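Subject: Structure for your review

Dear colleague,

Please find below the structure that I am handing over to you. My notes on it follow.

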Amino acid sequence: MGFPSLIFTTALFLFLCSLSVAGGVLFSSLKPTLSVTASFKQGQVLVAGEDTITVTWSHNKTLSAGAASSYKTVKVKLCYAPTSQTDRGWRKKNDDLDKDKTCQFTITTTQSNSGGGPIVWTIERDIPTAAYFVRVYALDASGAEVGYGQTTDAKKLVHLMEVRGISGRHASIDITAGCFSAFLVVSLAGFFAAEKRRRTNRG
């Protein structure tokens with residue numbers, strides 16, 4: 001192998017290695033420096049496209065003044081609870097936030113300060129049926145996550161809400177279908193009664 005080929009091979013190897021190790025911020029590296037509250041109650045069922053939630057957040061006591069100065073923006077996210085991630089690869093948790101699919105829905109992104117909100121958010125119509133919690137990420141000037149807070153505990157088992165997604169059927173359709181079914185039942189009953197009378201008269 002000639003010297004130029006050796007240089008090319010080495011450069012290619014280093015490039016591929018850099019791709020393999022490249023990734024986003026690891027969630028496990030973040031500290032829970034924000035306190036987050038939301039208006040829903042544990043297990044409350046809310047309807048997509050109709051109901052609202054109110055979210056607030058603030059710096060907690062674990063955050064130093066120096067670290068707080070690096071918080072430039074916050075991103076408020078709606079996140080799947082573990083019970084709604086099981087056997088669903090498209091919602092799979094990953095420690096690498098670039099690959100994590102837990103928090104797919106952005107509620108808002110805004111400037112960071114010591115206290116934020118309240119944000120009143122109408123649950124969007126395309127939010128699917130599932131169990132959820134709210135997480136707030138603090139971002140630095142480069143847009144990288146540097147801290148977080150969430151409405152649930154570390155295991156994501158408490159203070160969860162249920163969203164009932166839109167199935168695509170409307171109440172008017174259900175009412176029409178019900179009326180049509182009732183009409184068929186009455187019509188069939190009338191037909192059989194008339195047929196019975198006709199046979200009786202023949203006899």
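Which residues does Q85 touch, not counting residues up to four places away in sequence? They are Y80, R91, K92, K93 and T102. Please note that this is a predicted model. Q85 lies in the loop between β4 and β5, and its relative accessible area is 11%. Because the cut-off for a buried residue is under 20%, Q85 counts as buried. A polar atom of its side chain is 2.7 Å from the backbone oxygen of R91.

Overall architecture

The chain contains three helices and nine strands. Read from the N terminus, its elements follow the order α-β-β-β-α-β-β-β-β-β-β-α. Of the 203 residues in the chain, 30% are buried. Among contacts between residues at least 6 apart in sequence, 74% join residues at least 24 apart.

I would draw your attention to strand β7, residues 130–139. Ten of its ten residues are buried. In a regular strand, side chains alternate between the two faces of the sheet. In β7 both faces are covered: one side carries A130, Y132, V134, V136 and A138, the other A131, F133, R135, Y137 and L139, and all of these are buried.

β7 pairs with several other strands, as follows.

- With strand β4 (residues 73–80), the pairing is antiparallel and extends over eight bridges; here K77 stands opposite R135 of β7.
- With β8, the pairing is also antiparallel, over five bridges, and Y137 has Y148 in β8 as its bridge partner.
- With strand β9 (residues 161–164), three bridges are formed and the strands run antiparallel; the bridge partner of A131 in β9 is E162.

The hairpin of β7 and β8 has five residues between the strands, and within this hairpin G143 adopts a positive phi near 90°.

The three-stranded sheet

There is also an open sheet of three strands, in the order β1-β3-β6, with antiparallel pairing. Its edge strands are β1 and β6 (115–122), each of which pairs on one side only. From one strand to the next, the twist averages 15°. β1 and strand β3 (residues 52–59) run antiparallel and are joined by five bridges. V36 stands opposite W57 in β3.

In soluble globular proteins, nonpolar side chains tend to be buried together. In this model, the largest nonpolar core has 27 residues, and those with the most contacts inside it are I53, L78, Y132 and V134. At least two residues of this core come from each of β1, β3, β4, β5 (105–111), β7 and β9. β7 supplies the largest share, namely five residues.

What does V134 contact, leaving aside its neighbours within four places in sequence? The list comprises V36, F40, I53, V55, V76, K77, L78, I107, G149, Q150 and T151.

Aromatic pairs

A pair of aromatic rings is described by the distance of the centres and the angle of the planes. The model has four aromatic pairs. In one of them, the ring centres of F27 and Y148 are 4.6 Å apart and the planes lie at 50°, so this pair is tilted. It connects distant parts of the chain: F27 is in the loop between α1 (3–21) and β1 (34–38), whereas Y148 is in strand β8 (residues 145–150), and the two are 121 residues apart. Both F27 and Y148 are buried. Elsewhere, ring pairs join Y80, F105 and Y132 into a cluster.

T106 in strand β5

Finally, is T106 buried, partly exposed or exposed? This residue, which is found in strand β5, has a relative accessibility of 36% and so counts as partly exposed. Leaving aside neighbours within four places in sequence, T106 is in contact with K75, V76 and K77. The side chains of T106 and K77 are joined by a polar contact of 2.9 Å. The C-alpha atoms of T106 and V136, which are 30 residues apart along the chain, are separated by 9.8 Å.

Yours sincerely

Conventions. Residues numbered from 1 in each chain as written. Predicted model: local features only at pLDDT ≥ 70, side-chain atom pairs only at ≥ 80, totals over all residues. Heavy atoms only, no water. Phe/Tyr/Trp six-rings, centres within 6.5 Å; stacked < 30°, edge-to-face > 60°. Helix = DSSP H or I, 4+ residues; strand = E, 2+ residues; numbered from the N terminus. Buried < 20%, exposed > 50% of the residue type's maximum accessible area, 1.4 Å probe, protein only. Pairing = 2+ DSSP bridges. Axes fitted to C-alpha atoms, helices over the stretch in contact; angles between N-to-C directions. Core = buried A, V, L, I, M, F, W, Y, C linked by side-chain atoms within 4.5 Å. Contact = heavy atoms within 4.5 Å. Polar contact = N/O pair within 3.5 Å; in protein donor to acceptor, adjacent residues only side chain to side chain.
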